[in-house]
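Please keep the sequence and the structure in view while reading.

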Amino acid sequence: MGGCPFGHGASRRGFLAAAGTLLAAGAASAASSPDMSAAKGVTPASQGEGRLLTVPFEGRHQAGIATALQNHTCFTAFDVTTTDRAALIDLLRRWTAASRRMAAGQTAAPLDEADLSRPAPDGGDALGLAPARLSVTFGFGPSLFEQNGHDRFGLARHRPAALAELPNFHGDQLQPARTGGDVSIQACADDPQVAFHAVRQLAQMAYGVAALRWMQTGFVANAAATDTPRNLLGFKDGTQNPIAAQPVEQTASGTITPGSYDDVVWAGADAPAWMRGGSYVVARRIRLSLEHWDRTPVDFQEQVIGRHKRSGAPLGKDSEFDPLDLDAVDHDGNPVIPDNAHVRLGAAASNGGAQMLRRSYSYNDGANFTAERWPPWRQAVEWDAGLLFICYQRDPRASFSRIFERMSKFDAMNQYATHTGGGLFACPGGVTTADGYIGQGLFEA
Amino acid sequence: MASVISAALLAALTLAATPALAADSFLSTVHRHTMLASTVPANGDQNPYAVVVVPVSSGKLHRGDVLVDNFNDRSNLQGLGTTILAMDPATRGVSTFATLPRHLAGCPGGVGLTTAMAVLRRGYVVVGSLPSSDGTTATKGPGCLIVLDGQGTVAAVLAGADIDGPWGNMAVQDAGARATLFVSMAGFGVGAPGQAMVRRATVLRLALDVPAAGAGAPAVLGRTVVADSLAEQADRSVFVIGPTGLALAPDGTLYVSDAIENRVVAIPDATTRTGSAGTGRSVSAGGLLRRPLALAQAPNGDLLAVNGLDGEVVEIDPATGRQLAAQWVDADRAQTPPGSGDLFGIALTPDRRGFYYVEDENNMLLLAH
């Protein structure tokens, strides 16, 4: 949402620094790649040199969390169908190797062009496409550790307390076919075909070991643009995920500034060793009633969000990055930012300082018949579009669940939003060695 | 949702729709609207309907608590809600008074709790069911009246040929050992959405013999249809539209909100009559009314009707039928006009200086005072 206050993400300064580093890496790989766009005489913006950037797969933290937001995502969840621990570990090894290759702009596995009598180890749909900053981020759901009270793969004793099932929230309409899963794989890239290619190859490699449970694509307006992108509600989304400034919240009790990644995002000493340097992701597919929203007066939309639509400024302020003054009142003593405004309820100051890193995308799945949940309970074929809300935090009990418990009850946005799916996954630390694999610390704990 | 609107805006909206707010009206003494509690229980039920103040402490019931029931289940399907909540005004804490089973012996079609709810002075709760299995009237059953004891346990189930879709807020004459209930029936002849309006809704009077708390269950001494041929219609959006509000005046006149005809009618001698008054006498129609739903009686004797098609409460002098005032208690502009479809139940506070009401769009209980 405009100024959706879920936590604080990569700063513009941080993005630029990272981009500089990555550009250098990209330039090196570009030197060995043919310049196809120039050769064809067509250089659409989507084929610009930014597509040559790569995001390193290896690192203390998995890529795709602190990485500057790519323009497209495919968020997938899998059910592990095998009971064979060794087969699962083997799959994680193969997934790791393939992800490492794809992040570098390669096929999931080397292609044997000499023998076309067998299925190829890569579908080939990304051949010729640039890496497009592909990141692949893995997570483990609560059900990988325990299911119906039974230990799975000997992992129950390693399940972190923070990986407790999310509570039922008010208004939840979670569909089983869009919810949960044993393993999550999120691919993000600046090219939608690159992102889908990645999860498609990984799913194919899992046959017999894990099966696709659900998948949700997402997109954002050009994330690298200088302006904060707008979401499908027409509001700037991400103002409080600092891009160009460090936003603050002002209250009578003082000023709140964004926490650091170590404070907010990365699992620390209180987490099991295998999770240190990792993070917990909460994904929620939130259908937005765009027809309802588009029939709503703009000044009321602004009251719902708590910001001005055109400028993105907090209500009563002039510019997007003016501090959020939650104590401001009008001449009658009523709060300038209403009690049930989205930005107020999500603000750290309204939640005991709770923050999280928000990394959300819009989604658009066409249109289908739906019955709205609010008066006048319109029933029609409507857009199935909205927000693929994604947040990372060191403990979802203290961040997402704490914040959303109140939001789910009181947020004026609830008249337009329905949570229809999602999941919670523990994303372990990254792979730091050439022969390491994702989740190695868990399986060798 | 009133809280999202500034007081100035609220006033502007109110004045725009109500050129003259009678200075001596009850509504002119009500200025503030306070959000009290969410009405969503642990099972996720939604769409609060009935609002009733508990008159006596008995079992889990505490005098002054506000009971609210839910018509929808967690999937927001209408006619499948099964929960009654209790809110303590002192703490604003909410507990679940009763969670009924979806299917109950003797209640045809199952359980989907409606605005028909009353708490008797001997500690029994009577609540209506107009059930569905798919959220529409295509699968509706006749339902029943369910009697709960003070522990929230089912003590009796009342059904029969004169009970089909107990719907509107009950009017009650309660002398302890004897009680008389009035409840509107909005289910007779109602089929799937798309069906034309029918004139088959009734108001049923039930005379009850009420034992002391814990000494059995109330017994029906008499059942009399005191009004009939009222309009009702299946509706895809709001399930059914029919007579929804009942208020009993001290002189025995029963006032009924006739939602489809956009009016309030009077049934004379409702406590004593031995037959039906048909559709009664029209008291007030049109004007500020926009599909009147639940009714309450203000301390000055005026009727308070909540509108279904905007967020207003309308005050009516029942003697003259004059509409004295209206207040836009729910000015949520997510709906057009503001608050449309949001209001349903209403109940006076024990001190009779304000009233409780629900907002269906965000599942809230509020206090106007």
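In this predicted model, 25 residues of chain A are in contact with 23 residues of chain B, two residues being in contact if their C-beta atoms, placed from the backbone, lie within 7 Å. On the side of chain A that touches chain B, eight residues are nonpolar, 10 are polar and seven are charged. In this classification Ala, Val, Leu, Ile, Met, Phe, Trp, Tyr, Cys and Pro count as nonpolar, Asp, Glu, Lys and Arg as charged, and the others, Gly among them, as polar.

Residues are numbered from 1 along each chain as its sequence is written, while chains are lettered from A and ligands numbered from 1 in the order in which they are written. As the model is predicted, local features need pLDDT of at least 70 and side-chain atom pairs count only at pLDDT 80 or more, whereas totals for chains, interfaces and linings use all residues.

The confidence scores come next. The model has an ipTM of 0.74 and a pTM of 0.82. The pLDDT, the predictor's confidence in each residue on a scale from 0 to 100, averages 86 in chain A, where 86% of the residues score at least 70. For chain B the average is 93, and 94% of the residues score at least 70. In chain B, residues 1–19 have a pLDDT below 50, and this stretch has 43 contacts in the model beyond near neighbours in sequence. Residues 1–44 of chain A stay under 50 in pLDDT, with 79 contacts beyond four places in sequence. Where pLDDT is low, the predicted coordinates should not be read in detail.

Within chain A, one helix pair deserves attention. Two packed helices are described by the angle between their axes and the distance between the axes. Helices (H or I, at least four residues) and strands (E, at least two) are taken here as DSSP runs, numbered from the N terminus. Helix H3 (residues 85–103) and helix H5 (residues 192–205) of chain A have axes that come within 10 Å and cross at roughly 155 degrees. H3(A) is therefore roughly antiparallel to H5(A), a description used for angles over 145 degrees, with those under 35 counted as roughly parallel, 65 to 115 as roughly perpendicular and the rest as oblique. The axes are lines fitted to C-alpha atoms, for helices over the stretch in contact, and angles run from 0 to 180 degrees between N-to-C directions. H3(A) contributes Arg94(A), Trp95(A), Ala98(A) and Met102(A) to the contact, and H5(A) contributes Ala198(A), Gln201(A), Leu202(A) and Met205(A). By class, six of these residues are nonpolar, one is polar and one is charged.

Chain B contains an open sheet of four strands in the order E2-E3-E4-E5, with antiparallel pairing; strands pair if DSSP finds at least two bridges between them. Its edge strands, each pairing on one side only, are E2 (46–53) and E5 (93–99) of chain B. Neighbouring strands are turned against each other by 30 degrees on average, direction ignored. Five bridges join E2(B) to the antiparallel strand E3 (residues 66–72) of chain B, and Gln46(B) has Asn72(B) in E3(B) as its bridge partner.

Further along chain B, strands E10 (residues 171–174) and E11 (residues 178–185) run antiparallel and are joined by four bridges. Gln173(B) stands opposite Thr180(B) in E11(B). The two strands form a hairpin with three residues between them, and Gly176(B) in the turn has a positive phi of about 90 degrees.

Another open sheet of chain B has four strands in the order E19-E20-E21-E22, again with antiparallel pairing. Strands E19 (292–297) and E22 (323–328) of chain B are its edges, each pairing on one side only. The twist from one strand to the next averages 25 degrees.

Two backbone details complete the account. Most residues other than glycine have a negative phi, and most peptide bonds are trans. Phe153(A), which is not a glycine, has a positive phi of about 60 degrees. In chain B, the peptide bond from Thr336(B) to Pro337(B) is cis, with omega near -10 degrees.
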